[in-house]
Amino acid sequence: MHCSGYDEGERALLSRYWFPVARSVDLGEKPLGVTLLDRSLVLWRAGCSIQAVDDRCCHRGVSFRCGWVEGDELVCAYHGWRFDLQGRCVAVPAHPELCPPASLRLGTHPCIERYGLLWTSLGDPPEDSLPSFPEASDTAFTCLALDPTPFEASAGRQLEGFLDVAHFAWIHHQSFAARDRPEVPDYVVEVLADGLRYDYRSTVPNTTPDQQLSVPQGFLWSRRFEVMLPYTARLTVTFPGGGRLCLLNASQPIGPRSCRSFTLLARDFDHDLEEEQVLAFNRQIFAEDKAILDRHDPPFLPLDPGAERHVPSDRASIAYRQCLRAMGLERA
Ligand code: FES
Ligand SMILES: [Fe+2]
């Protein structure tokens, strides 16, 4: 029976990956507390470099969320101990003459700033294993970021919801789909070395109801889904006229019962669209997802194939669960 937190085996498996934990704009001059895989971390900036450390002072276990940054040093609020960029204690103010021993140090974690997001890991994954989203720096694309959405469901549940094509008609009937068109045409899921890929073609549009008037009758919308295990996916939607909308959905596994999704939107057409209009449409979609995602029992994906029932339109979810299980996880 699983307890409410991750066990050591799960944490070790998930420590091989990068996860987003904040947007760059969220980290100002103060240390920023985040949670990854049940571990409390604090991010702090020193010049151009960003550090991620365990949010627990090695003196009396106090959180750095009430501390501050001075120059290139993180200062603990309780007794003023100071730590450098490598997590080493460099000053104990009660003993100005003391040269702190090397054992006085914080647990540090790698941190990368990419696509306007801050990514970290509890392990030491190679930098090139970070999920790819080249559109973020491609001048042909206009790129926007949604505010992170918190879910009372695991990152596995959230990502599976992003991949699920059968729910459009039901929970997104007010934003872009319709309840009188619930059929799911067949699609083929390709299993890759580090994820999945599939193309889904249907009449379900990707526009607000008022914009749907200008879509040619019978137009087939193509959605390419690309999963980057364990909790990131890209979705590329092709619009009438050939324009592409690329979404990156990367989930931050906070615990087995909670996550946050980070979403980037990049499009190579309609560059003059009002930013607020695009964000509002996508916020509505995520709010519709949240209303359902927060109500799963259990709140995590059970990876035993017999734990929940499946039909052919679930083939992406089935393949996703199989990949997670092949990683060695029993839930995600
Ligand atoms: S608890 Fe941090 S300096 Fe004492
Ligand atoms: Fe959805």
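Eight residues of domain 1 are in contact with nine residues of domain 2, where contact means that the C-beta atoms of two residues, placed from the backbone, lie within 7 Å. On the side of domain 1 that touches domain 2, the residues divide into four nonpolar, two polar and two charged. Here Ala, Val, Leu, Ile, Met, Phe, Trp, Tyr, Cys and Pro count as nonpolar, Asp, Glu, Lys and Arg as charged, and the others, Gly among them, as polar. Domain 1 covers 23-123 and domain 2 covers 134-326, with bounds that come from an automatic or database domain assignment. Taken over C-alpha atoms, the centres of the two domains are 35 Å apart.

This is a predicted model, in which local features need pLDDT of at least 70 and side-chain atom pairs count only at pLDDT 80 or more, while totals for chains, interfaces and linings use all residues. Residues are numbered from 1 along each chain as its sequence is written, and chains are lettered from A and ligands numbered from 1 in the order in which they are written.

Next comes the core. The largest nonpolar core holds 74 residues, and Leu43, Leu163 and Val227 touch the most other members. Such a core is a set of buried Ala, Val, Leu, Ile, Met, Phe, Trp, Tyr and Cys residues joined through C-beta atoms within 7 Å. A residue is buried if 20 or more other C-beta atoms lie within 10 Å of its own, exposed if 12 or fewer, and partly exposed in between, again with C-beta atoms placed from the backbone. In soluble globular proteins, nonpolar side chains tend to be buried together. Strand β18 (residues 244-255) gives the most to this core, with six residues; strands (E, at least two residues) and helices (H or I, at least four) are DSSP runs, numbered from the N terminus. The core also draws at least three residues from each of domain 1 and domain 2.

Leaving aside neighbours within four places in sequence, Leu163 is in contact with Phe225, Val227, Ala233, Ala316, Ser317 and Tyr320. Leu163 is also one of the buried residues of helix α2. That helix, residues 155-163, is mostly covered, with nine of its nine residues buried.

Now to the sheets. Strands of a sheet pair through backbone hydrogen bonds, either parallel or antiparallel. Strands β1, β11 and β10 form an open sheet in the order β1-β11-β10, with antiparallel pairing; two strands pair if DSSP finds at least two bridges between them. β1 (19-23) and β10 (111-114) stand at the edges with a single partner strand each, so one side of each is left without a neighbour in the sheet. From one strand to the next, the twist averages 35°, an angle that can run from 0 to 180 degrees between N-to-C directions of axes, which are lines fitted to C-alpha atoms (for helices, over the stretch in contact). β10 and β11 (residues 117-120) are linked by four bridges, and Cys111 stands opposite Thr120. In the loop between these two strands lies Tyr115, whose phi is near 60°, a positive value in a residue other than glycine. Tyr115 is buried, with 24 other C-beta atoms within 10 Å.

Another open sheet has four strands in the order β5-β6-β7-β8, also with antiparallel pairing. Its edge strands, β5 (68-70) and β8 (89-91), each pair on one side only. β7 (residues 82-83) and β8 pair over two bridges, and Phe83 has Cys89 as its bridge partner.

Further along, a hairpin joins β14 to β15 through two residues. These strands, residues 189-192 and 195-202, pair in the antiparallel sense over four bridges, with Glu190 partnered by Arg197. β15 then runs antiparallel to β16 (residues 221-228), joined by eight bridges, and there Tyr200 has Arg223 as its partner.

Asp38, in the loop between β2 (32-36) and β3 (39-46), has a positive phi near 70°. With 17 C-beta neighbours inside 10 Å, Asp38 counts as partly exposed. A cis peptide bond joins Leu229 and Pro230, with omega about 0°, and Pro230 is found in the loop between β16 and β17 (232-238). The peptide bond from Asp297 to Pro298 is cis as well, and Pro298 sits in the loop between α4 (275-293) and α5 (315-326).
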